[in-house]
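Please examine the structure shown here, and then read the report that accompanies it.

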Amino acid sequence: MSESLPLSLTINGRAVGPVDVPLGMPMIDFLHEHLNLTGTRFGCGQGICHACTVVIEAADGTTSESRTCIFDAHYFNGKSIVTIEGQAPRDADGNVIELTPVQKAFIDNFAFQCGYCTPGFVTGATVFMDSLKRKPVRRADLEQAIEDALNVHLCRCTGYVRYYEAIRDLALATPGYVID
Amino acid sequence: MTDRRTEMPIVRPDDDLPRRTGLSRRSFIRLGVFSGIAVTLSRVVPAQAIEVDSTKPAGDWMGPDGRPRYRWDAISKVTGDKVFARDFRARDLAGWPQTQAHAFFVKATRADRVFEDIDLSALGPDLQPDRVVLHEDLANDRITVPQKVMGHGFYGYDFLTPKGQTPRMLGHPVALLVYSDFDRFVAAKRTLAFRTDTVRYGEDTGPKPPANYGVDRWVRVGSDDPFAEPLFSGLKDGPIRGGFDGNTPVWPPTLTEPLEPPTQRLRDRSVPLERPPRSADEQQRHEEAGMGYAADIAAEIDAAKSAAGKLVLERSGFSQSIDPSAMEPDNGNAWYDAETRTLHILAATQSPYGVAQAAAEMVKDCAFPVDTIDLLTGTTVGYGSKDYSIFPLYTVMAAFYGDGLPVRLANNRYEQFQMGMKRHSFDIDITLVADRESGHFEILKGSYACNGGGRANLSVAVSHEAIRGAQSMYYFPKSDLTAVALASPAVEAGSMRGFGALQAQTILELMVDEAAEALDIDAIELRRRNALAEGYANTQGGPQGGAMRNVDMLDRAAAHPLWRDRAARKAAYEAANPGQRYGVGYAQVNKVYGAGGDVSALALEFEPDGRLVLRHCCQEIGTGATTAQQVMIWQAIGKAPDAVTFGITDFPELPLTTDGSAADGVKNPFWTPSYLPDMSSSASVYYLGFATRQVGRFLFEHTLWPAARSIWSRGVGGGGISPLWVTLADLRITEDGVAGGGMRPIPFDELAAEAHRLGLITGVAMHTYSLWQWATAEFDVPTVGPVTIPADALSVRYGNGASDALKARMTTGGYDFIKRSSVTYPPNGRGNGDPMTNAASGCLVAVSVTEGTGAVEVVGLHSLLDAGRPIVPELVSGQQQGGLAMGLGHALMEELPLYEDGPGDGTWNFNRYKLPRAADVAVWAQTSEYLPPLADTDPPKGIAEAVMVPVIAATGNAIAHATGQRFYELPFTSDKIAKALP
């Protein structure tokens, strides 16, 4: 057995740990088996399909997307992350109060089918939208920007079209995110 | 809280992290008794979805106009709820222990040498498993692969390769390692990954796969008149059964004892309700006659080769093995509770009924007494690959070795490639004969040989489906088609979207494009001259159901700018992009929906306050079927259900039996040929939805209409309806309720109250059956009278105001089971003429091929589909787009070697196996169109399976247009193209 070290981080706005976690345990296993947060989906274990991504919130308020299947849980020590379970605000009983704009755009556009890859797409699109907030994109470049940001995400059911349309429409409908 | 083994503090999300399991409302449903063992089933997802559905915003999923705002299951999927079987652990499941064991397989990466033993020394002392399970342990405990429920050899012969035997296929499990805690389990699994010294091999025996699985032949000799009775056909005379000399088919009369294909209940599309009542001698005479006609066809082909007026095109093609790559890898969780003698199973499956039956057979005589099996299923996805897969049975096997703990098996992606079901590779030889002057096709002769790998599974059915789809969208006066299912040491192949027809139709569509060039006829025009139409006979002799719409679709494709302007576009594109070659290709197919022997069942009832409750056999596999079924309810009666449960596999209101024969069915009102469906064959919207629509229609006619008439008749002189003439035909479903004939719309809730007050029928349970023809039966229904409907079983509930005498009849699951007074089932042998329900689908593809590298970029994509009358257009287009992407993957990038360096070696993952990404599918440029329904009563048709087929051949034809080179070996990779380019 490998050595265990204490791990502390913030998940969905709550402090977790310190808790001893074996070195070498991928973050996704920690989420699934130790925390029972199974919405972050295992797809390949190689960092290829991006079904397993979570949002990392930096101290300066910026966000980035990180895979959890290839990064050790300890890589996230001290970080603040948001898993799919923490995207939409919930009440004390865990019921969803309101969907995020990305989540709403996806369901309104019938974007997903089986839904296994959906948490990764929500994560990727959320980080992309956050990047537009800080750095708007020209209208002519919008489609390519979406493709550049989301092409790493694999989906086997949908052919991507409805996911991409949903993100495009949301970006266009959000003031200040797309400029002429 | 601490982990009991490591003493580490464990953070549980129950206290401080948001999550939901939603299992508190889970209810168990009795599934039946198999092998003397009671089996219950529960769906974790629907129960959870009901809970989600009861809260906002999920409760608003359907608009007042009956159109869904979003999928019924959208909220839970987009917020990360536990929905897949893979999401659940024992601690999430009511009544299961809070801790559980985890297990993984050691697998053979050689299938040519004897398995001797395993060597776990690499794990060191800390990571040794808590339990090692070998074949010998299973043998001692009498845990064996079921041989009866799906037929001998269907699931193979051994779960784990016995010592001293050669594994039947690459990647075959040889041992199961069980750990009582996750951390050691995952560390051990990581340690053994990719090691080649864990399995010890002995004598070199060469490959030892099972015997080949099946070989059959369909011959049809008709004429230019597609309506004329043929001299010989499958429908009329049956198939010709062959045998093998090695891998070479052998036929009567040389062959005296034909190979009997394994029993494949539910899904063997070749086995009719009953074999035609012929003696063995008669059958032999038919088969020998068929071989005579086959010889005549061969002679005619030979003659055509030297005839100036005939085109004879002979081509060999190959369609590769691919991995379904469902994003949820195979997984399961099972717990044997020795105290209560109960086996609990959580499975990811498209066929829970099949899992229950197989599990019951497995444990019937094993060393661990089992009285009850509780089966749970989650929502899943597999594109067919989780249909009758052995994986859930491995989960059952593992359950007995957890030392009292539940045992979880969950493939990682390497393991999924190594042992997950594959799409069959096919070697295909086709001869196409056409008349040069008319362009009419005259003969189709083909051999379609699929490689089933080391387990039979559905290989015979897949080979049969290949020949049934082989004609694509054309009428052939004469045909001779051979279906071959071979065994090999490759990883098992089974059900996968396309199911044989994809492979056969792709090669023919490539040939038709080449034939058009040889005949100097526009490729769409050549298709038009040979298109199948309504009522035409297929190559098995069966009629084509409904308007085929082939010519409509061809006309639209021909008028599309991609096709119409292809020459000008090619010139302009290549001028603007030096080094690139532009091409446009088209293909069109007719793809079957349904499998023959299609069944459905549901129960729909309402309370006086209008609360509507649906229980349905349909279950969710990602397509949105559970959404569409509810929309159909709204369309029929003006209200969506308030509470739903899907995936039901037992209806107490419909106590049917499949024991017996069709002859018994006339006498026994409880008999049906088949009870419940699996989720496959693009069958849900038409075939499963058929029963939904019939139940809705029954309530509309026999409940809502009389209730509305009663309300409209209130008052003096016969009420508001009396001065008018309002009939059932005038009634319409509107946003405000049932209206029509000038009357006030009445909301469903008001009608429900009136129906209960009058004691009308307030609940209907129905079972339907089709073997390319619907079973019909007459029922004498109290409050209604005699009715003949396309169903073979019917039960009803009566409203609160019904008489005591009527209520006393409600003794069958709370319903009055109406014993049919007569029934008509489809004739024996009709299955030999299948398929008879098809959807037309076409595709235009534009490609740019890079000179030098041969790289192909899809630059234009237009899909055409006859979806009938779509129930939820957004779901149809999503399926269509997904089908296009999957087809492009098959056309251009996805491929698995069968043997050496193939997936059985355990090293394959998405880094080597290229799946289409958004940039590969012209995500912003693709377009689509649907043939508008011909009438508002047109039914919906199957969808994605049809769409993914023509895009493959259209891509090949586009490459041919771009490069001048034709390719018949899939996929059309850049290296093949680069080599062929001058």
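Predicted model: local features only at pLDDT ≥ 70, side-chain atom pairs only at ≥ 80, totals over all residues.

Residues are numbered from 1 along each chain as its sequence is written, and chains are lettered from A and ligands numbered from 1 in the order in which they are written.

The contact between the chains takes 65 residues from chain A and 59 residues from chain B; two residues are in contact if their C-beta atoms, placed from the backbone, lie within 7 Å. On the side of chain A that touches chain B, β2(A) gives the most, with 6 residues. Helices (H or I, at least four residues) and strands (E, at least two) are DSSP runs, numbered from the N terminus.

The largest nonpolar core has 346 residues, and B:Ala359 and B:Tyr448 have the most contacts inside it. Such a core is a set of buried Ala, Val, Leu, Ile, Met, Phe, Trp, Tyr and Cys residues joined through C-beta atoms within 7 Å, where buried means that 20 or more other C-beta atoms lie within 10 Å of the residue's own. Helix α19 (residues 684-712) of chain B gives the most to this core, with 14 residues.

| Domain of chain B | Residues |
|---|---|
| domain 1 | residues 1-208 + 342-414 |
| domain 2 | residues 209-262 + 279-323 + 420-532 |
| domain 3 | residues 552-594 + 836-982 |
| domain 4 | residues 598-833 |

The C-alpha centres of domain 3 and domain 4 of chain B lie 41 Å apart. Their contact takes 14 residues from domain 3 of chain B and 16 residues from domain 4 of chain B.

Methods:
Buried ≥ 20, exposed ≤ 12 C-beta atoms within 10 Å, placed from the backbone. Domains from an automatic or database assignment.
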